[in-house]
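This note is intended for a colleague who is meeting the structure for the first time. Please read the numbered points below with the sequence and model at hand.

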Amino acid sequence: MKQLQPFHVLIYLAGILVLLSGISFLVKGDTIDLFGMDVRFLTFNDALTPPKPVEKKDITEIVKVDTVNVEDIAADTTIKNTFESDGKMGAPTGGTLTAEAATSLQFNEKGQEALHAFFEKLDGAAKGKKVRVLHYGDSQIEGDRMTSYIRQRLQTQFGGFGPGTIPAKNEYNTITFKQTCSPNFSRYTAFGGTSLKSRKYGSMNTAARFTPEMDSVQMSASTTLKEAFIEIEPTKTAYSRARTYNHAKMFYTSCFKPCKIKVYNGTTLVHEDSLENDGKYHVLSLEFPSTPGKLRYEFSSTVSPTIIGFSLESDYGVFVDNIGMRGSSGTFFGKIDHNSASKMYADLNVEMVIMQFGGNGVPYMSDSSSVRRYAKQFKGQLHTLKKLRPSASIIVIGPSDMSMQAANGRVTYKMLPFLVQEMTRVSKDVGACYWDLFSAMGGENSMPSWVEKGLAGNDYIHFTNRGASIASQLFFDAFAAEYVKWKQRTQ
């Protein structure tokens, strides 16, 4: 074997340096595309003048908000030996709100008018009426993060108990309730994965069935009786208001064959009947003298109805629904049946919709044109929402800061600030309010500081539960400040 000489090694190293130098001239930014993956690469300019490390944001004052006193003592309810409510669960126990806030909602005259109309309905909730808030969002609110805190604050201040609507088949860990389904229940979604041919998701964008959807011929041929169950119970980790409720509603549709149902509170059978099998949207409502234990819904049919979801609530007050959609960009209204959605909105008395989206598209937005395309599409979704529920006001919560790895450390995605700008603009155009979560948490390059303090995960995208509570408190403060200003004008 020929022995390597020193000059052979020198030539080899020189060749590698020449090759790498050539590549460095071709690299744009600090990444190259290698078989579909972004690979970081030191550019020629960076080698000559290394970039300065990213300056760390000081968020000490931002995260000082008080989230400790959110809990309250659950309202006392009279327990009767009947399966009926006494009609009194829902009273508020909140204290004084302030017009001072570290951040503010952004809106034009049309948006302010819609917000003030919602404030009037909030006052009605405290006096014995039901008002619903839908919180749609991506994985940032998954598992009832952010929503749970906002719900507790609103219900404490304006009345109401219970987590509101929950999915028919939950796929994510949640702090608010525990759910178990029989193995033959399958989940269907409007935003990814297996979808319903009927698109009848109501307000939830998810549904569940224990047999696949069938046409009339298949249903006639299906003669084997199938049994299935769904169990729901409160958790100790939930906020006090979410753990308390005395109304349980089940929303269903597409029931074309006889379906028997039994409902148990623990081991006690409290309801036995058959579902309406006309194929239309229906609600099965049950009342209790106090918060039930584990509710078990047992189904028996040859063909499954579509179970849209459940609502756990009190006699009156504000109900805030967490509808987290992992991977969604908020462009789902074209994938659902509008007729069943509008019926469910009306049945729930939806008077506000919070749309918290934008983050899922950020890593793929390479230029201003891609941002404008998304903003235009999102604006169309807001218009559709207003058609589905004209009386509802809308608040858009934009994306948080999100970090990518660069040569000088973790930095904000390049197009994120422009996306916030565009989402603010289109929200105002349709008469919605906008709350800037990106700026609220410190703006550009603030996420690393949240991660360092344990307020966000190591993915530099999602809040921890503690971080979500702080972000939610900042939002509630901005919301409450506008309510106080409105109240002062009307008195």
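This is a predicted model: local features need pLDDT of at least 70, side-chain atom pairs count only at pLDDT 80 or more; totals for chains, interfaces and linings use all residues.

1. A residue is called buried when its relative accessible area is under 20%, exposed when it is over 50%, and partly exposed in between, using a 1.4 Å probe and protein chains only. Helices (H or I, at least four residues) and strands (E, at least two) are DSSP runs numbered from the N terminus. In helix H6, which spans residues 338-348, the buried residues are Ser340, Ala341, Met344, Tyr345 and Leu348. They lie on the same side of H6, because the arc they cover around the axis is only 140 degrees; this arc is that of the directions from the helix axis to the C-beta atoms. An α-helix has 3.6 residues a turn, so residues three or four places apart point the same way.

2. Residues are numbered from 1 along each chain as its sequence is written, and side-chain values use heavy atoms, with hydrogens and water left out.

3. The protein chain has 491 residues, of which 54% count as buried. Its secondary structure comes to 11 helices and 20 strands. Contact here means heavy atoms within 4.5 Å. Among contacts between residues at least 6 apart in sequence, 79% join residues at least 24 apart. The accessible surface of the chain is about 22700 Å², and 52% of that surface belongs to carbon and sulfur atoms; the areas come from the Shrake-Rupley method with a 1.4 Å probe, and for residues only the protein chains shown count as cover.

4. How do H6 and H7 cross? Their axes come within 9 Å and cross at roughly 60 degrees, where axes are lines fitted to C-alpha atoms, for helices over the stretch in contact, and angles run from 0 to 180 degrees between N-to-C directions. The two helices are therefore oblique to each other. On this scale, angles under 35 degrees count as roughly parallel, over 145 as roughly antiparallel, 65 to 115 as roughly perpendicular and the rest as oblique. His338, Ser342 and Tyr345 of H6 make the contact with Thr384, Leu385 and Leu388 of H7. By class, these residues are three nonpolar, three polar and no charged. Ala, Val, Leu, Ile, Met, Phe, Trp, Tyr, Cys and Pro count as nonpolar, Asp, Glu, Lys and Arg as charged, and the others, Gly among them, as polar.

5. Ser472 touches Met146, Tyr149 and Ile150, leaving aside residues up to four places away in sequence. Ser472 and Met146 are 326 residues apart along the chain, yet their C-alpha atoms are separated by 5.4 Å. Met146 itself is in the loop between strand E3 (130-137) and helix H4 (147-158) and is buried, at 1% relative accessibility.

6. Positive phi values deserve a check. Most residues other than glycine have a negative phi. Met146, however, has a positive phi near 70 degrees. Ser254 has a positive phi of about 55 degrees; it lies in the loop between strand E9 (247-253) and strand E10 (260-265) and is buried, at 7% relative accessibility. Just after H6, Asn349 takes a positive phi of about 60 degrees.

7. Is Ser400 buried or exposed? Ser400 counts as buried, at 4% relative accessibility, and is found in the loop between strand E17 (393-397) and strand E18 (403-406). Its C-alpha atom is separated by 4.3 Å from that of Phe438, 38 residues apart along the chain. Lys376, in helix H7 (residues 368-388), is exposed, with a relative accessible area of 65%.
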